[in-house]
Amino acid sequence: MKIVVIGGSGLIGSKLVDRLGAQGHEAVAASPKTGVNTLTGEGVGEVLDGADVVVDVSNSPSFEDAAVLDFFQTSTRNLLAAATEAGVGHYVALSVVGSDRLPDSGYMRAKVAQEKLIAESGLPYSLVHATQFFEFVQGIIDAGTDGDTVHLAPVLIQPIAADDVAATVADVAVGTPTNAVVEVAGPEQFRLDELGRSVLAGSKDPRSVVTDPAARYFGATLGERSLVPADGARVADRSLDDWRTQAARGR
């Protein structure tokens with residue numbers, strides 16, 4: 001199949017293009033670097049010509065509330081119009097576990113708006129909701145840092161490796177449209193504050209974690225299960241220790 005990966009030069013997109021290509025598909029990386037701009041529409045119609053599947057794993061260059069909402073709404077509308085015109089048979093988008101449970105977050109509100117546009121487009125679709133990536137836990141820690149301390153809530157989190165996210169998205173992309181949400185998570189649940197301590201200790205970072213039930217997560221107030229999937233989610237095999245070992249090897 002011809003599968004166009006929007007955001008194909010990013011963390012997930014590049015892994016996805018490699019994986020789909022290895023499976024024998026014509027995987028096309030589409031991003032501003034390749035002359036495809038979903039905000040302006042430049043190159044979108046051309047790259048989708050003859051495509052069987054489009055997979056959107058792109059991300060906003062700005063996480064400011066108004067900017068991120070504009071990005072996901074504008075780019076998704078442009079993609080949906082071009083996909084409809086091209087007769088694409090399956091529209092896949094990567095989103096976030098808990099996106100509909102964190103309305104305090106401008107980013108999550110933007111992802112919900114994106115998903116709504118896709119679900120109401122009339123195109124056959126699948127939405128993949130992934131938990132937080134191991135690769136981004138450091139960013140959570142940095143966002144919660146105040147001086148030498150890191151404020152993290154003691155809520156559940158079930159992180160996943162980016163490689164496993166890409167594997168799941170690839171599997172969904174070559175399958176039958178679900179017209180629903182597919183959730184995927186890593187194999188282990190942690191308390192967010194405990195995970196933060198583990199990551200800091202592993203990197204010999206001198207910052208200390210303060211357990212703070214009121215600590216926000218990129219602007220959002222967290223509930224006990226805001227960051228973990230519902231029953232029935234797909235569960236990847238790669239544990240935190242597995243991922244650390246691979247990262248240490250430079251893989």
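This is a predicted model: local features need pLDDT of at least 70, side-chain atom pairs count only at pLDDT 80 or more; totals for chains, interfaces and linings use all residues.

Analyst: Let's start inside: Ile140, Ala143, Gly144, His151, Leu152, Ala153, Leu192, Ala215, Arg216, Tyr217, Phe218 and Leu222 line the largest cavity. Elements giving two or more residues to this lining are α5 (137-143), β7 (149-152) and β12 (216-217). Those labels are DSSP runs numbered from the N terminus: helices are H or I over at least four residues, strands are E over at least two. Before we go on, residues are numbered from 1 along each chain as its sequence is written.

User: What makes a space a cavity and not a pocket?

Analyst: The way out! On a 1 Å grid over the protein atoms alone, a cavity is a set of points where a 1.4 Å probe fits but cannot get out, while a pocket is an open set with protein on both sides within 12 Å along at least five of seven lines; a lining residue has an atom within 4 Å of a point. The structure has one cavity of 30 Å³ or more, and the largest cavity holds about 80 Å³. That volume is the space filled by probe spheres set on the grid points, which are joined across faces, edges and corners.

User: What classes of residue make up the cavity lining?

Analyst: Nine are nonpolar, two polar and one charged. The rule: Ala, Val, Leu, Ile, Met, Phe, Trp, Tyr, Cys and Pro count as nonpolar, Asp, Glu, Lys and Arg as charged, and the others, Gly among them, as polar, so Gly goes in the polar group.

**Pockets**

User: Which residues lie nearest the centre of the largest pocket?

Analyst: Ser58, Asn59, Phe63, Tyr107 and Phe136, out of 40 lining residues. The largest pocket has a volume of about 950 Å³. Two or more lining residues come from each of α1 (11-22), α3 (65-86), β4 and α4, and α4 has the largest share, with four. By class, that lining has 23 nonpolar, 14 polar and three charged residues.

User: Which element gives the most to the lining of the second largest pocket?

Analyst: That's α8, with three residues. This pocket holds about 210 Å³, and its lining includes Phe134, Trp243 and Arg244. Its lining divides into five nonpolar, three polar and two charged residues.

User: Why do β2 and β14 count as edges?

Analyst: The seven-strand open sheet runs β2-β1-β3-β4-β5-β9-β14, with parallel pairing. β2 (26-30) and β14 (234-235) each have a single partner strand, so one side of each has no neighbour in the sheet.

User: How many bridges join β7 to β11?

Analyst: Four, and the two strands run parallel. They belong to an open three-strand sheet, β6-β7-β11, with mixed pairing.

User: Why is Gln114 called buried?

Analyst: Buried means under 20% relative accessible area with a 1.4 Å probe and protein chains only (over 50% is exposed, in between is partly exposed). Gln114 has 1%, so it counts as buried. Gln114 sits in helix α4 and touches Asp56, Phe72, Thr76, Ala93 and Leu94, leaving aside residues up to four places away in sequence.

User: What about Gln132: buried or exposed?

Analyst: At 18%, Gln132 counts as buried too. Gln132 is in the loop between β5 and α5. Its C-alpha is 7.2 Å from that of Gln158, 26 residues apart along the chain.

Technical notes:
Side-chain values use heavy atoms; hydrogens and water are left out. Two strands pair if DSSP finds at least two bridges between them. Contact means heavy atoms within 4.5 Å.
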